[in-house]
Amino acid sequence: MKDSDYNQSKEKCWRGDLTAAEAAELQAWLAQHPGERADWETEVGLTEALGKLPAAPVPSNFTSRVMEAVEREAKAQKRPRIPVWTWLLRSLLPRAAVAAFLVLVVLGYQHQQTVARREKVVDGVKIVSGVSSLPSPEILQDFDTIRKLGATPGPDQDLIALMK
Amino acid sequence: MPLNLDPDAALMLRVKKGDTAAFTELVEKYKQPVMNLVYRTIHDATEAEDLAQNVFVQVFKSASRYKHTAKFSTWLFTIARNLCLNEIRRRSRHPAESLDAPHPEQEEQSLHQVEDKKTFLPPENLLQGELAEKIEEALADLPENQRTAILLCRQEELSYEEIAEVLDCSVSATKSLIHRGRESLKERLKAYLRRGDWGEAK
């Protein structure tokens, strides 16, 4: 028996598949390799322990409960299916109505904004059209001079007082 | 129908044709192995019952998709494992304490009750009970794939190829999972296993 055979025996032990002949061969190998005996005993102990784990509790009415659930499932599958167009009408109509309302609100707002903008433009045009009746720009040729006159210093108050 | 058809596959073919008696037979045969796996994955008896029930309902619903080339038990355990994983994912997304979880004081009280009950058991049963508890704890602490591989290998006696199919990995990866899982268990249970308590406590 080789070391690789020992590993194979371990894998068989995991499933509890070791035959009597294989077990005898393994014991002979372990006699030559006493260092592995402790590991082997732990392997065997663990395999036995796992094999003796208590079964999980299963209620006595488990099968009948499963069959009831299956029947419910079968009934649900047999239930007549709603035609696609009915389903579409039922599920999509309220959503379509809400969407249409929102679209109308947005369109109304946009229309109002356009009208307001147009009114502003009309007012602007009216102001510009009134500009044609203004006097000719020639009368403003001395505008700067006249404006500067206003910027001259005021009367000398001390001189006025002396003259008085 | 092939001559060497797996008896469970033959039952499943009858289920496909709507035979509920065949389905009942399959439920009766596999309710315990499925509960063993689900209970040790979920760690909650009530939820394990519901989940195991769902496994069989899922089997019935998916009967039309079953191919008799696959071994029934492999297919069944794959469904069971997937539902368990879904449940684990659901729990991790919604971590909430169960309403049935006992209050710390009640828990303490119930532990005392268990201890009282145990004192009436014969010594060998007491030992067996303690060891079972230790190994259940050690199994619960293993990663899910290692635990499932070990349980399917030892308790349900599936071949390595079948376990690999359930776990959706290679045979060598499956053996490696079992090896690592067993090493962890051996490390934790060394004292009990070397004493040979399991062999004596019958």
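**Reading a two-chain helical model**

Student: What follows H1(B), and what is its phi?

Tutor: Gly18(B) comes after H1(B), with a positive phi near 95°. Bear in mind that this is a predicted model.

Student: Which residues other than glycine have a positive phi, His43(B) being one of them?

Tutor: His43(B) is not a glycine, yet its phi is positive, about 60°. His43(B) sits in the loop between H2 and H3 of chain B. Asp168(B) is another such residue, with phi near 55°. Asp168(B) is found in the loop between helix H8 (160-167) and H9 of chain B.

Student: How many helices and strands does chain B have, and how many does chain A have?

Tutor: Chain B has 10 helices and 0 strands. Chain A has 7 helices and 0 strands. Of the 202 residues in chain B, 33% are buried. In chain A, 9% of the 164 residues count as buried.

Student: Which residues of helix H1 (residues 7-16) of chain B are buried?

Tutor: Start with the general idea. An α-helix has 3.6 residues a turn, so residues three or four places apart point the same way. Now the case here: Leu11(B), Met12(B) and Val15(B) are buried in H1(B). Around the axis they cover an arc of only 100°, which puts them on the same side of H1(B). The cover over these buried residues includes H2, H3 and helix H4 (72-93) of chain B.

Student: Which residues of H4(A) are buried, and which exposed residues does the opposite face carry?

Tutor: The buried ones are Phe62(A), Val66(A) and Val70(A). Seen down the axis of H4(A), the buried residues fall within an arc of 65°, so they line one face of the helix. The face turned away from that buried side carries exposed residues, among them Glu68(A), Arg72(A) and Lys75(A).

Student: What do the buried residues of H4(A) pack against?

Tutor: They pack against H2 and H3 of chain B. Here a helix of one chain meets helices of the other chain.

Student: How many residues does each chain give to the contact?

Tutor: Chain B gives 38 residues and chain A gives 30 residues. On the side of chain B that touches chain A, H2(B) gives the most, with 10 residues. By class, that side of chain B has 19 nonpolar, 8 polar and 11 charged residues.

Student: Which residues touch the most other members of the largest nonpolar core?

Tutor: That core has 55 residues, and Val34(B) and Val38(B) touch the most other members. H2(B) supplies the largest share of this core, 10 residues. Leaving out residues up to four places away in sequence, Val34(B) touches Ala52(B), Val55(B), Leu76(B) and Ala80(B).

Student: What share of the contacts in chain B join residues at least 24 apart?

Tutor: Take the contacts in chain B between residues at least 6 apart in sequence: 65% of them join residues at least 24 apart.

Student: Where in chain B is confidence lowest, and where is it highest?

Tutor: The lowest is in helix H5 (residues 104-118) of chain B, at a mean pLDDT of 42, and the highest is in H2(B), at 94. Over residues 98-121 of chain B, pLDDT stays under 50, and the model has 6 contacts beyond four places in sequence for this stretch. Where pLDDT is low, the predicted coordinates should not be read in detail.

Student: What does chain B average in pLDDT, and what does the model score in ipTM and pTM?

Tutor: Chain B averages a pLDDT of 81, and 77% of its residues score at least 70. The model scores ipTM 0.75 and pTM 0.66.

Note on methods:
Residues numbered from 1 in each chain as written. Chains lettered and ligands numbered in written order. Predicted model: local features only at pLDDT ≥ 70, side-chain atom pairs only at ≥ 80, totals over all residues. Contact = placed C-beta atoms within 7 Å. Helix = DSSP H or I, 4+ residues; strand = E, 2+ residues; numbered from the N terminus. Nonpolar A, V, L, I, M, F, W, Y, C, P; charged D, E, K, R; others polar. Buried ≥ 20, exposed ≤ 12 C-beta atoms within 10 Å, placed from the backbone. Arc of directions from axis to C-beta. Core = buried A, V, L, I, M, F, W, Y, C linked by C-beta atoms within 7 Å. pLDDT = per-residue confidence, 0-100.
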